[in-house]
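Let's take a walk through this structure together. Have the sequence and the 3D view open, and follow along one stop at a time.

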Amino acid sequence: MPNTNVTREDKDSLTFLTLNAPETLNCLSEQMLDTLQAHLDNLNDDRKARCIILRSAGKVFCAGHDLQELNQGRQSPDGGRSYFKKIFDKCARLMMTIQRLPQPVIAQVHAHAVAAGCQLVATCDMAVAAEQAWFGVNGVNIGLFCSTPMVALSRNIPRKHAFEMLTSGTMIDARKAYNLGLVNKVAPAENLESATNDLAQLVASKLSAAVKVGKTAFYEQSQLPLEEAYEYAGKIMVENMLFRDTAEGISAFLEKRPPDWE
């Protein structure tokens, strides 16, 4: 029987991945990590999918790692060390896969995103949140500092705010998440789906080859010193300018007509 803890739905150029384990608050169990990883791997070479929307079923977007499962791992002779490493390695691979995909990934957050769930939102290229959504990296409340969620969070919001969230365990609402830069848009619950779809369709309408090279360049240049970043980005611009469809897009703009992209 196929695993349905993550479901996939394709509508035209959009792909919807839904975390579908509401009974566990969509925790990132080992099985959930494996299933979501498999879906993302399949999308890597899917030319029909131009934008991916990651959403959840149930009352919580994602409650982070499965603590019951992690505790069971303590039964191994090494006290769980090897199991814990396996889980956190799987999670890290998943997060890096999201940012290495050619398609932009948008998180559609309808409710709480906590710990590794908040990490998932921070990792996505963009996020749209419902007004009632809350975000937190509150592992410190149970004695577990959210060190891996910290990696994504600290690359999204100002350092002092990230540090406060990590050390105090307090949650922030959708409006503060927007003000800090964790999410792109905030919408009433009844408009969340349409607001997310509108953003996804706008992105999907662009030249996919340009978006693909641009997404890769976005993350690559952010890790480089300023001078090296400009040198790297300049090379990307040169290659992009040589695309057939880019030449057509520029000509169409100058001639005030729609582009005839292949």
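**A guided walk**

Start at His-65, which sits in the loop that runs between β4 (60–62) and α2 (67–72). Keep in mind as you look that this is a predicted model. Is His-65 buried or exposed? Its relative accessible area is 12%, and since anything under 20% counts as buried, His-65 is buried. Leaving aside residues up to four places away in sequence, His-65 touches Cys-27, Leu-28, Leu-70, Ile-87, Phe-88, Cys-91 and Ala-116.

Now hop over to Val-6, which belongs to strand β1 (residues 6–11). Val-6 has a relative accessibility of 2%, so it counts as buried as well. Who does Val-6 touch, again not counting residues up to four places away in sequence? Its contacts are Leu-17, Thr-18, Leu-19, Asn-20, Met-32, Thr-35, Leu-36 and His-39. For a sense of distance, pick out Leu-153: it lies 147 residues from Val-6 along the chain, and the C-alpha atoms of the two are separated by 24 Å.

Asp-12 is not a glycine, yet its phi is positive, at about 55°. With a relative accessible area of 79%, Asp-12 is exposed, because the cut-off for that word is over 50%. Lys-256, in the segment after α11, also has a positive phi, near 55°, without being a glycine. Its relative accessibility is 76%, so Lys-256 counts as exposed.

Next, a pair of helices. α9 and α10 (residues 226–241) pack with their axes 10 Å apart, at an angle of about 175°. Angles over 145 degrees count as roughly antiparallel, and α9 and α10 are therefore roughly antiparallel to each other. On the α9 side, the contact is made by Ala-210, Val-213, Thr-216, Ala-217, Glu-220 and Gln-221. From α10 come Ala-229, Tyr-232, Ile-236 and Asn-240. Sorted by class, this contact has six nonpolar, three polar and one charged residues.

Time to look at the gaps. Rolling a probe the size of a water molecule over the atoms shows where empty space is left. The largest pocket here has a volume of about 1,100 Å³. It is lined by 32 residues, and those closest to its centre are Gln-99, Thr-123, Asp-125, Phe-218 and Tyr-219. Which elements supply at least two residues each to this lining? They are α3 (81–100), α4 (116–123), β7 (126–130), α5 (147–153) and α9 (208–221). By class, the lining of the largest pocket has 16 nonpolar, 11 polar and five charged residues.

One more stop: the second largest pocket, with a volume of about 620 Å³. Of the 23 residues lining it, Arg-47, Arg-50, Ser-208, Ala-209 and Lys-212 are the closest to its centre. Two or more lining residues come from each of α8 (192–204), α9 and α11 (244–254). Once again α9 gives the largest share, here four residues. As for class, the lining of the second largest pocket has 10 nonpolar, four polar and nine charged residues.

Terms used:
Residues numbered from 1 in each chain as written. Predicted model: local features only at pLDDT ≥ 70, side-chain atom pairs only at ≥ 80, totals over all residues. Heavy atoms only, no water. 1 Å grid on protein atoms, 1.4 Å probe; cavity = no way out; pocket = protein on both sides within 12 Å on 5 of 7 lines; lining within 4 Å. Points joined across faces, edges and corners; volume = space filled by probe spheres on them. Nonpolar A, V, L, I, M, F, W, Y, C, P; charged D, E, K, R; others polar. Axes fitted to C-alpha atoms, helices over the stretch in contact; angles between N-to-C directions. Parallel < 35°, antiparallel > 145°, perpendicular 65-115°, else oblique. Contact = heavy atoms within 4.5 Å. Buried < 20%, exposed > 50% of the residue type's maximum accessible area, 1.4 Å probe, protein only.
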